[in-house]
Amino acid sequence: MRKVMIGNHALSYGAKISRAQVIPAYPITPQTEVVELLSEMCANGEMDAKFIKVESEHSAMTASIGASATGARVFTATSAQGLALMHEVLHWAVGARTPIVMGNINRAMAPPWTIWTEQTDSLAQRDTGWMQLYAQNSQEVLDSVIQAYKVAEAVQIPAMVILAAFVLSHTSEAVELPEQGKVDEFLPPYEPEYRIDPANPHAFGGLTGPDGYFELRYQIQKAIEDALPKWDEVGAEFGEVFGRKYGLIETYKVEDAKNLIISSATLASTARTAVDTLREKGEKVGLLRIRIFRPFPSAQIRSILSSVDRAVVVDRNISFGASGIFYQEVKAAVYNEKNPPPIFGVIAGIGGRDVTKKDIIDIYEDIMRMDEPKSDIIWKGVRL
Amino acid sequence: MPEKTEKQIVFDKVKDTPPLAVSLYTMDYNKTGSWRNVRPVIDYEKCTGCMTCWKFCPEPAIDAEKYEEDGKEKYKPVIDYEYCKGCGICWVECPVEGAIYTEEEGE
Ligand code: SF4
Ligand code: SF4
């Protein structure tokens, strides 16, 4: 069945069709529609789930962890300041190995108060251990929620499905709703080995000294490494069952590409149309979209970059005092290679400033005129 | 509830470790009573047996002791000082004035 929906509702329907059982959530612009629809569906019986109204995002995540620890499938969603408020317990969710799936709508951080899109909110949670998936359209959002549960539950690491504020969260698109029966087969109920169970008591998260903590951290790293092939496997299996294949990265016209544009989320969709126009002009250019940011698909990126002459990373985010965050990660992935190509880093679209196809074409043509990257940031679109 | 026990399962290598930060058995071996510097005492003359203290106590430090009265099954709270860490939650939560009072620890 096809249904017209906004990106936010694609998250809600994704949670519904994945049979989320507990939804602790707090509303925040531009995420509100996600939880509005979920609370409606819980209230009218369309969903067999418990909606928990909480007083803050910190509590939303705390309740999510508790519910997940009992073995329930948990969904929540937030954005920007709300995600930042959750920060402490984002670490807890990973340490407790609770495979929560959370939608995050990328919104720029305040002050000044703002609600438009930028990726710095979620990228600032990079080192918590949460898996991060940057989606480019509503279909991918819905499909990714289902896949995220499958991967998260297999490795017991929580996952964020991330979408751009307004550009995606509030844009209506026709979305294919998978059949419930097929989803049930693809995603069986969550059955963790350890769960809160009064008949079989364990202490969860109790005081652990230097004699035990290290091994637990080692296991988190191993689990998230295991998730790397898992995302590709689950994405391929999803393709077989539902006809839409996904992977850690997506490439477009890279086979014979000499130059590469690297980006993520909706910016990558714009870049795709720019690639088409540049190809018409005779440019040998391709696009690499990074879909999964954590775990970071370094090997996949290395293999694509090994055959190009230069690459430009377009970031809608900034790590103050350093550079664009995807740019840092891409550079780090190829640093130890024999002859890595020069990689240029562009920051564009901060705070939701529009990035058009023409902007991407300009970025590409500008870097083609440069001999080498002279600094870590090339600003695009800021009024200097 | 299972009996309190001092059984403690310690893991050796990563392969024996559960994936999450969870004890492999109860934490009863951890005698939290050694932390206490204030001692709650129950005055059974005033205590109504509502068991609010038992519900709120964060340690296995209040046992619900079953007894019969007028042919009815009843419970009373009994503090286990091996585990009571003196946090004071029971006397803050107790709805009856003076049913739990505190004594200083010490000789
Ligand atoms: S002082 Fe704290 S630990 Fe001791 S019995 Fe009361 S609530 Fe339990
Ligand atoms: S809360 Fe107070 S009244 Fe109730 S059982 Fe405990 S000591 Fe007795």
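Student: Where does Glu176(A) fall, buried or exposed or in between?
Tutor: Glu176(A) counts as partly exposed, because its relative accessibility is 25%. Buried means under 20% relative accessible area, exposed means over 50%, and partly exposed is in between (1.4 Å probe, protein chains only).

Student: What kind of model is this, and how are things counted?
Tutor: This is a predicted model: local features need pLDDT of at least 70, side-chain atom pairs count only at pLDDT 80 or more, and totals for chains, interfaces and linings use all residues. Residues are numbered from 1 along each chain as its sequence is written, chains are lettered from A and ligands numbered from 1 in the order in which they are written, and side-chain values use heavy atoms, with hydrogens and water left out.

Student: Back to Glu176(A). What does its side chain meet in a salt bridge?
Tutor: Arg2(A), at 3.9 Å from N to O. The rule for a salt bridge is a side-chain nitrogen of Lys or Arg within 4 Å of a carboxyl oxygen of Asp or Glu.

Student: How many salt bridges over all chains?
Tutor: The count comes to 31.

Student: What about chain B, say Lys31(B)?
Tutor: Lys31(B) bridges to Glu6(B) at 2.5 Å, N to O. Both lie in the segment before β1 (38-42) of chain B, so the pair ties together parts 25 residues apart in sequence. Lys31(B) is partly exposed at 22%, while Glu6(B) is exposed at 55%.

Student: Which residues do shared partners join into one network?
Tutor: Glu140(A), Glu250(A), Arg272(A), Arg289(A) and Arg291(A).

Student: New topic, helices. How do α1(A) and α2(A) cross?
Tutor: Helix α1 (residues 7-17) and helix α2 (residues 32-43) of chain A have axes that come within 7 Å and cross at roughly 40°. Axes are lines fitted to C-alpha atoms, for helices over the stretch in contact, and angles run from 0 to 180 degrees between N-to-C directions. The two are therefore oblique to each other. Under 35 degrees counts as roughly parallel, over 145 as roughly antiparallel, 65 to 115 as roughly perpendicular, and the rest as oblique.

Student: Which residues of α2(A) make the contact?
Tutor: Glu33(A), Val34(A), Leu37(A), Leu38(A) and Met41(A). Contact means heavy atoms within 4.5 Å.

Student: And α1(A), how many of its residues are buried?
Tutor: Nine of the 11, so α1(A) is largely enclosed by the rest of the structure. Among them are Leu11(A), Tyr13(A) and Ile17(A). Just after the helix α1(A), Arg19(A) takes a positive phi of about 60°.

Student: What about α3(A) and α5(A)?
Tutor: Helix α3 (residues 57-69) and helix α5 (residues 87-95) of chain A have axes that come within 9 Å and cross at roughly 10°. They are therefore roughly parallel to each other.

Student: Which residues meet there?
Tutor: His58(A), Met61(A), Thr62(A) and Ile65(A) in α3(A) meet Glu88(A), Val89(A), Leu90(A), Trp92(A) and Ala93(A) in α5(A).

How values were computed:
Helices (H or I, at least four residues) and strands (E, at least two) are DSSP runs, numbered from the N terminus.
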